[in-house]
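Thanks for coming, everyone. I have one chain to show today. Have a look at the screen.

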Amino acid sequence: MNQKTTNQREEEILRELQRAGGSCRVSALAEQLSVSNETIRRNVKTLEERNVVRKVHGGVHLNEEVIEPPFENRLSEQADAKGILAQAVAETISDGDSVFLDIGSTTAYVAQALRNHSNLFVVTNSIFVAHTLSMRNNNRVFMAGGELRAHDGGAFGAEALDLVRRLNVQMAVFSVGAVNSEMGFMLHDLEEANIARVAAENAQVSIVVADSGKFNKRAPVSLDKMSAIDVFVTDCVPPVEINAMLDKHEIEIVIAGQG
């Protein structure tokens, strides 16, 4: 009956750990997900190898650095840097352009920086972005369907993916949870990665925007199509090893405020 992929099972484990406050017994996870303890242990071992969780006797803990704070908290973190980044991205978008904006807090700043633009064609799965840019300046805003998540107002699932897949845009703008020299751009949620992959494939130019506080951090999910990303906008020169990763994937680096 249970034929889910390893990635799906790992995502479910991470969600259950987050719901439980960051730690849970293996037996409780197995019961909640209707699988054996051994299945949970195998998935936990993989997550532990990626430094996402820590195994303890009979249980598992989320590593603190991969726990994503609530959306409201993230909006206030690195606010000055995010404002500068957002302005740099907004300056690359012209009136009348079509753009996809994801649910990230940095992307929320981009939406705010676009409030004086007009005739935009906006595709988003973020209620914050939709509210910021709809009903103003003759914009057209397409909000992805599905249930809105309580903690960030993001829409995910088959309906959201279908809309993003059907609407091609000139630019797609993504926030990420971490920029890692080994794993590349990383996100906190598999559903976010799925949306990002489809949006990047359907955009002429794909832009990742992240402040330097994300450098060499980790998040649970890697963005698997690094080749679909064209530009990385950040606030200072990345470390050598991250520069090498970006060069490997032929991703242009733009340092906001340095032209």
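Which residues does Asn 119 touch, leaving out those up to four places away in sequence? Keep that in mind; this is a predicted model. The answer is Gly 96, Asp 97, Asn 137, Asn 138 and Asn 139.

Where does Asn 119 lie? Asn 119 is in the loop between H6 and strand E5, residues 121-124. Its relative accessible area is 38%.

Asn 137 is 18 residues from Asn 119 along the chain, yet their C-alpha atoms are separated by 6.2 Å. With Asn 138, the side chain of Asn 119 makes a polar contact of 2.6 Å.

Now step back to the whole chain. We have 10 helices and 13 strands. The C-alpha atoms fill a box of roughly 55 × 40 × 30 Å along the principal axes. The radius of gyration is 19 Å; a compact globule of 259 residues would have one near 18 Å, so the two agree. Of the 259 residues, 51% count as buried.

Residues 24 or more positions apart account for 59% of them.

Last, surface and charge. The accessible surface comes to about 12400 Å², with 46% belonging to carbon and sulfur atoms. There are 25 positive and 35 negative side chains, and the centres of the two sets lie 6 Å apart.

How values were computed:
Residues numbered from 1 in each chain as written. Predicted model: local features only at pLDDT ≥ 70, side-chain atom pairs only at ≥ 80, totals over all residues. Heavy atoms only, no water. Helix = DSSP H or I, 4+ residues; strand = E, 2+ residues; numbered from the N terminus. Rg over C-alpha atoms; globule rule 2.2 N^0.38 Å. Buried < 20%, exposed > 50% of the residue type's maximum accessible area, 1.4 Å probe, protein only. Contact = heavy atoms within 4.5 Å. Areas by Shrake-Rupley, 256 points an atom, 1.4 Å probe, with all protein chains shown as cover. Lys, Arg positive; Asp, Glu negative; His and termini not counted. Charge placed at Lys NZ, Arg CZ, Asp CG, Glu CD. Polar contact = N/O pair within 3.5 Å; in protein donor to acceptor, adjacent residues only side chain to side chain.
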